[in-house]
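Please read the following walk through the model with the sequence and the coordinates open side by side. The account turns to strand pairing and then to the nonpolar cores.

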Amino acid sequence: MKNKTNTISAKNKYVKTAKKKTSPPKKSLLSKKNKEEQKIPGLEGSASFRKLAAKPRFKKHAERYRNILENIRDGYFEVDLVGNFTFFNDSVCRILGYSSEELMGMNYRQYTDKDNAKKVFQTYNKVYKTGEPTEGFDWLIIRKDGAKRYIEASVSLLKDSSGKPKGCRSIIRDITERKQMEERYRRIFENAQNGIYQSTLEAKFIMANQSMAQILGYDSPEDLIFSITDISSQLYANPEECMQFIEMMEKQGLVKNFEVQFRKKDGRIIWVSRTTQVFRNEKGEVLYYEGIIEDITDRKDSFERLRNALGGTVRALASVVETRDPYTAGHQRHVADLALAIAREIGVSTDQIEGLRVAAIIHDIGKISVPSEILTKPGKLTDLEFGIIKVHSQSGYNILKDIDFPWPVAMMVFEHHERMNGTGYPRNLKGDEILLEARILAVSDVVESMASHRPYRASLGIEAALEEIEKNKGIIYDETVVDACLRLFREKGYKLT
Ligand SMILES: [Fe+2]
């Protein structure tokens, strides 16, 4: 410690140097009447401190105090009433890039630009005038090597033994990295294409970026924040969806890609995808929601057009086989209706249900390859004729396999006559080898067929159909699918349309 440069022990020398350096006088941080108080000695420069520090009891305290100042990462300094350094620790030298000899007596204007010097003056002057300390004050310094760094300071007033202000003391910290990070996030926030926002539990916005305002048709984020006082009634096209959203937030804490219709300022309805996270305090109470919205109106419109086009194409395909076999016409629609009801009852995903809808409505498309004499033949079919009909699964697959559906539609059609125990056709698949959608189609197909009239027999009735699937539940038909189908008919009043 003896050989180490010690700012504190070298104090008197620096004070003398400071006297030479501080001329010409800089603009005082304080008012003129306090000019006589400018020459403030540093801590060890004060006679009273020297006297006290000489006493063994206080010597120990002074030593501890010195050790703390020397070892903290934060800079500690004192300035006189015009802002000249009178006392500082090594961290101040490190932060500013000057040696302790250079720094002693240096004025704040020597390491700040004009704008920042003004900020510094105003802050320190306010502390002087009010006597109130301040925290979190940041400004830009220019180091000796020319590098610019941000520092954050707390400032409080220093008084002499008679209670008169004699300068200020500050603790400073280099916050350049934090500032740069904040700046990066600020740029992302401001330039993001998506709307970014924070909102309260009371359904008000507390923060929004320009894109958020733009998406919702407001002139500025301020316009949006001021105008929307109730998100639920003003923004949601269907306010009950807001409640649904809040319930999901309560349960999950994070809701991703919640697609909902919002009302713009001019009343137009748009589709947005909303991803939101809840922020809570340590007691678990909700502080605010933070999230992103994306305008997906164009995508939704395109999707809707494609969906309609696909629906039209599928109906056209279905009608091809239906014109050749009037019994198939109603059959495919009825099977589709029952298959979707079963899928919903099981809890199949919305996306899978969409695929199943398409497959069901054309599941017998392959019958186009079966001569209409066989399809419409009254009476029992011969083995040969039945063999020809059985080809329709493969034919259907062949017709559909090159269509790039977002679902395995061709495979569903291919497998709709497979059976759980491997007794189906055309590939004798078993159990999970068969697509779930195909297992649903199989049950729906059997129930609808048995309950309907056929060219070769009258209807066997719905009860006989349900008994057939119940009897073979878990053997040739999927157990879960059969249970769902039986529940629909026997408990939920489902009827074939
Ligand atoms: Fe079939």
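In this predicted model, strand E6, covering residues 195-199, runs antiparallel to strand E10, residues 286-295, and five bridges join the two. Within that pairing, Gln198 has Glu290 of E10 as its bridge partner. E10 also pairs with strand E9, residues 269-280, again in the antiparallel sense and over nine bridges, and here Phe279 stands opposite Tyr288 in E10. Five residues lie between the strands in the hairpin that E9 and E10 form, and Gly284 in this hairpin takes a positive phi near 85°.

From the strands we can turn to the nonpolar cores. In soluble globular proteins, nonpolar side chains tend to be buried together. The largest nonpolar core of this model holds 42 residues, among which Ala339, Ile342, Ala359, Leu441, Val443 and Cys485 touch the most other members. Two or more residues of this core come from each of the helices H12 (297-324), H13 (326-346), H14 (350-361), H18 (409-414), H19 (436-451), H20 (462-471) and H21 (479-490), and H19 gives the largest share, eight residues.

Note on methods
Residues numbered from 1 in each chain as written. Predicted model: local features only at pLDDT ≥ 70, side-chain atom pairs only at ≥ 80, totals over all residues. Core = buried A, V, L, I, M, F, W, Y, C linked by C-beta atoms within 7 Å. Buried ≥ 20, exposed ≤ 12 C-beta atoms within 10 Å, placed from the backbone. Helix = DSSP H or I, 4+ residues; strand = E, 2+ residues; numbered from the N terminus. Pairing = 2+ DSSP bridges.
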